[in-house]
Amino acid sequence: MAEIKVPYSYLKTQFDPEKIEKIVAAVRRVAKRGDFTLGKEVWLFEEKLADLFRAKHAVALNSGTAALIGILEALKIGRGDEVITVPNSFYATAASIHKVGARIVFVDVNAEYLIDPDKIEDAITEKTRAIMPVHLTGCPADMFKISDIAKRHGLYVVEDAAQSICSEIGGRRFLGTAAAVSFHPLKNLNSWDNGGAVITNDDAIAHWLKKWSNHGMESRDECAFLAVNERMHTMTAAVLLEIFDEVESITEQRIKNAALYDELLKSMAPFVILPRRLASKRQVYHTYVVRIPINYPWSRDNLREYLLKEKGVETKVHYPIPMHLQKAMKRAGYNFRFGDFPNCERQAEEILTLPIHQYLTEKQIVYVAESIADFINKTR
Ligand SMILES: *Cc1c(COP(=O)(O)O)cnc(C)c1O
């Protein structure tokens, strides 16, 4: 086994002793004030986040999943309703729809790993209330087409933007009724625990969610509706504020890394397939995902093993088992079968996530590309 030369995770690099000291000092300031519940850092963070999305409101919550659930509840989507989404996302997307009691309706994805707008209308029924596109890898789904479809059918658009902070389509950072963001430690803007937020221009949704996150409280002594605690902790906001100003440079570095990978890998077609890159989109590369087609005498998994064992390059797969084929879906009463979403299923066998984080050096990226070329030349 080779020593790890290109690690997938960057957390130890990001939080070096100096950075930790700076963040701990911010946490200490909160502790000194005893301002633990909805402290001023939370409000400050919400203001900055709304600005980042060029939106009217950001409501800070305790996770990205809470943000998805909160939006659906704010829109009164629940039992008897259907929500359209994709089967190639992280579990939280489908789970949030299930959690509010609505029915999950999957639509297959396109070659960019995103909801295929041309397949959405076939999935719309009288019960459909919302479309939930996922901007997987940090690449915005086709939001203009999706918004058009939603408008025509009177549906909401709930963006799962957990992976796509700072992404743009046609210069817009969000277009839907509302967007859910995550600050999980592995997201591009990351806290030390869980965190999330809802982005919206809708005053009613924002004000309702603020109460929803805090037990439905209208005032200290009045409860307007039954809800639990989904608040972002002041400590979390304090940590996020210390990192906040880096999010644009983190994004720029990831874009630069991706451009270098693109340049180095494009000559490896048809053995390595890159998704197309549209000029109208600013992709932020939460993950950098290529396809290793199954029609050659090797598999994606052979390459993964080679990269790790022979070259010390850590890779991942996002995600190897599509949601519709997870046993969780059977348990929830769904009856999907292999073959239901062929693009998603095929991609699950072919996709490979390369390290893309902001601390990679040019040398490391070249090394990863060369290692892939070595594997192909040796195995052909
Ligand atoms: C991370 C993630 C979530 C969930 O966010 P949490 O903050 O971990 O709850 C939802 N959807 C997608 C696509 C994600 O990547």
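Predicted model: local features only at pLDDT ≥ 70, side-chain atom pairs only at ≥ 80, totals over all residues.
Residues are numbered from 1 along each chain as its sequence is written, and side-chain values use heavy atoms, with hydrogens and water left out.

**View 1. Phe 15 and Trp 192 meet edge-to-face.** Rings of Phe, Tyr and Trp (its six-membered ring) pair if their centres lie within 6.5 Å; planes under 30 degrees apart are stacked, over 60 edge-to-face, and the rest tilted. That rule gives 19 aromatic pairs. In this one, the ring centres of Phe 15 and Trp 192 are 5.5 Å apart and the planes stand at 85°, so the pair is edge-to-face. Phe 15 comes from the loop between helix H1 (11-14) and helix H2 (17-33), and Trp 192 from the loop between strand E7 (178-182) and strand E8 (196-200), so the contact ties together parts 177 residues apart in sequence. (Helices, H or I with at least four residues, and strands, E with at least two, are DSSP runs numbered from the N terminus.) Phe 15 counts as buried at 13% relative accessibility, while Trp 192 is partly exposed at 38%. For those labels, buried means under 20% relative accessible area, exposed over 50%, and partly exposed in between (1.4 Å probe, protein chains only).

**View 2. Tyr 296 and Trp 298 are stacked.** Their ring centres lie 5.6 Å apart with planes at 20°, so this pair gets the stacked label. Tyr 296 is partly exposed, at 24%, whereas Trp 298 is buried at 4%.

**View 3. Lys 210 puts its charge over Trp 43.** The charged end of Lys 210 is 4.3 Å from the centre of the Trp 43 ring. To qualify, NZ of Lys or CZ of Arg has to be within 6 Å of the ring centre and within 35 degrees of the ring normal. Arg 254 does it too, lying over the face of Tyr 10 at 5.5 Å from the ring centre.

View 4. Cys 344 is buried at 3% relative accessible area, and Cys 166 is buried at 1%.
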